[in-house]
Amino acid sequence: MPTEAEEFPIIVMDDDQWMYVYASLDQLMQDAEPSFLDDVTAAFDGRARALQLSLDESGEEIRIEVKSSDPQLERLQSCVEEFFAAWTHGAPPERLNEPRQYTQSVLSTYALRRDRRRKNS
């Protein structure tokens, strides 16, 4: 379970540049399994802080650990832009300087995206 320090949305990138955006822990738990977590290359919380995601010993509860208390906004923005260029027909959200505003704009833009059938090389 996340501690009070983590904030949603949680934005997860996998090894194929696909992005997942989770507005709640329940949504994240639906995808959380070892094979999914093995493919994660980056994860960020609602304040653009880098996260470490793992399953507990039972494999039923997800652990969310903040890796850095400092926002990793530029890295997050690069990941988001790579996803939109590779996998969607739309533009990424505008770069904002405030992490919370930016992650909220990612959540809204992600919900309205139009996915490509194949990755754009």
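At 4% relative accessibility, Y22 counts as buried, a word used here for residues under 20% relative accessible area, with exposed meaning over 50% and partly exposed in between (1.4 Å probe, protein chains only). Before we go on, note that this is a predicted model, in which local features need pLDDT of at least 70 and side-chain atom pairs count only at pLDDT 80 or more, while totals for chains, interfaces and linings use all residues. Residues are numbered from 1 along each chain as its sequence is written, and side-chain values use heavy atoms, with hydrogens and water left out.

Let's look at the rings. The structure holds six aromatic pairs; rings of Phe, Tyr and Trp (its six-membered ring) pair if their centres lie within 6.5 Å, and planes under 30 degrees apart count as stacked, over 60 as edge-to-face and the rest as tilted. Two of the pairs are shown here.

| Pair | Centre to centre | Angle between planes | Type |
|---|---|---|---|
| W18 and W87 | 5.2 Å | 75° | edge-to-face |
| Y20 and Y22 | 6.3 Å | 5° | stacked |

The tryptophan pair links distant parts of the chain, 69 residues apart: W18 sits in the loop between β1 and β2, and W87 in helix α3. Helices (H or I, at least four residues) and strands (E, at least two) are DSSP runs, numbered from the N terminus. W18 is buried because its relative accessibility is 17%, and W87 is buried at 11%. Y20 is partly exposed, with a relative accessible area of 21%.

W18 and W87 also belong to one aromatic cluster with F83, F84 and Y110. R113 lies over the face of Y110, 3.9 Å from the ring centre; for this, NZ of Lys or CZ of Arg must be within 6 Å of the ring centre and within 35 degrees of the ring normal.

Now for helix α4. Its buried residues are P99, Y102, T103, S105, V106 and Y110. They lie on the same side of α4, because they cover an arc of only 160° around the axis, taken from the directions from the helix axis to the C-beta atoms. Their cover includes β1 (10–14), β2 (19–22), β5 (62–71) and α3 (73–87).

S105 in this helix is buried, with a relative accessible area of 18%. A polar atom of the S105 side chain lies 2.7 Å from the backbone oxygen of Y102. Leaving aside neighbours within four places in sequence, S105 is in contact (heavy atoms within 4.5 Å) with P93, E94 and L96.

Conventions:
Polar contact = N/O pair within 3.5 Å; in protein donor to acceptor, adjacent residues only side chain to side chain.
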